Amino acid sequence: GVQKEKKKFGTGAGGLRPDIWLHHACAIACFAVVLATGEFKEEAVMLTAVETTCALPVAFGQAIKSKQLKGVRSLALAGLMT
């Protein structure tokens with residue numbers, strides 16, 4: 001039979017689209033603005049909240065399914081979700 005090539009986590013066709021990478025970069029920038037200014041900026045806080053409540057749990061689940069949740073990656077995801 002024909003064997004499928006095993007994809008690495010986060011690469012190739014299964015990787016993130018450029019618009020999703022941009023979304024992540026914007027969320028990080030918004031979080032940095034809130035931390036740097038110490039002021040409540042509604043849009044920045046909303047984007048950061050969406051990222052931490054929606055994207056991180058999905059990333060955690062995908063890492064578990066692909067057996068890529070080990071080492072530094074597991075510590076980073078666990079730290080970000082706490």
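**Burial and overall make-up**

I looked up burial first: of the 82 residues of the chain, 13% count as buried (buried is under 20% relative accessible area, exposed is over 50%, partly exposed is in between, with a 1.4 Å probe and protein chains only). I note that this is a predicted model, where local features need pLDDT of at least 70, side-chain atom pairs count only at pLDDT 80 or more, and totals for chains, interfaces and linings use all residues. Numbering starts from 1 along each chain as its sequence is written, and side-chain values use heavy atoms, with hydrogens and water left out.

I checked confidence next. The chain averages a pLDDT of 74, and 79% of the residues score at least 70 (pLDDT is the predictor's confidence in each residue, from 0 to 100). Helix 1 scores highest, at a mean of 83, and helix 3 (residues 72-81) lowest, at 73.

For secondary structure I found three helices and zero strands, in the order α-α-α along the sequence. Helices here are DSSP runs of H or I with at least four residues, strands are E runs of at least two, and both are numbered from the N terminus.

**Helix 1 against helix 2**

How do helix 1 and helix 2 pack, and at what angle? I got about 125° for helix 1 (residues 18-37) and helix 2 (residues 42-65), with their axes 8 Å apart. The axes are lines fitted to C-alpha atoms over the stretch in contact, and angles run from 0 to 180 degrees between N-to-C directions. That makes helix 1 oblique to helix 2 (under 35 degrees is roughly parallel, over 145 roughly antiparallel, 65 to 115 roughly perpendicular, the rest oblique).

Which residues make the contact? From helix 1 I listed H23, H24, C26, A27, C30, F31 and V34, and from helix 2 A44, V45, L47, T48, E51 and A55. By class that is nine nonpolar, three polar and one charged residues (Ala, Val, Leu, Ile, Met, Phe, Trp, Tyr, Cys and Pro are nonpolar, Asp, Glu, Lys and Arg charged, the others, Gly among them, polar).

**Two single residues**

L16 sits in the segment before helix 1. I have it as partly exposed, at a relative accessible area of 42%. Leaving aside neighbours within four places in sequence, L16 touches W21 and H24.

A78 is in helix 3 and is partly exposed too, at 37%. Its C-alpha atom is separated by 9.2 Å from that of L56, 22 residues apart along the chain.

Technical notes: Contact means heavy atoms within 4.5 Å.
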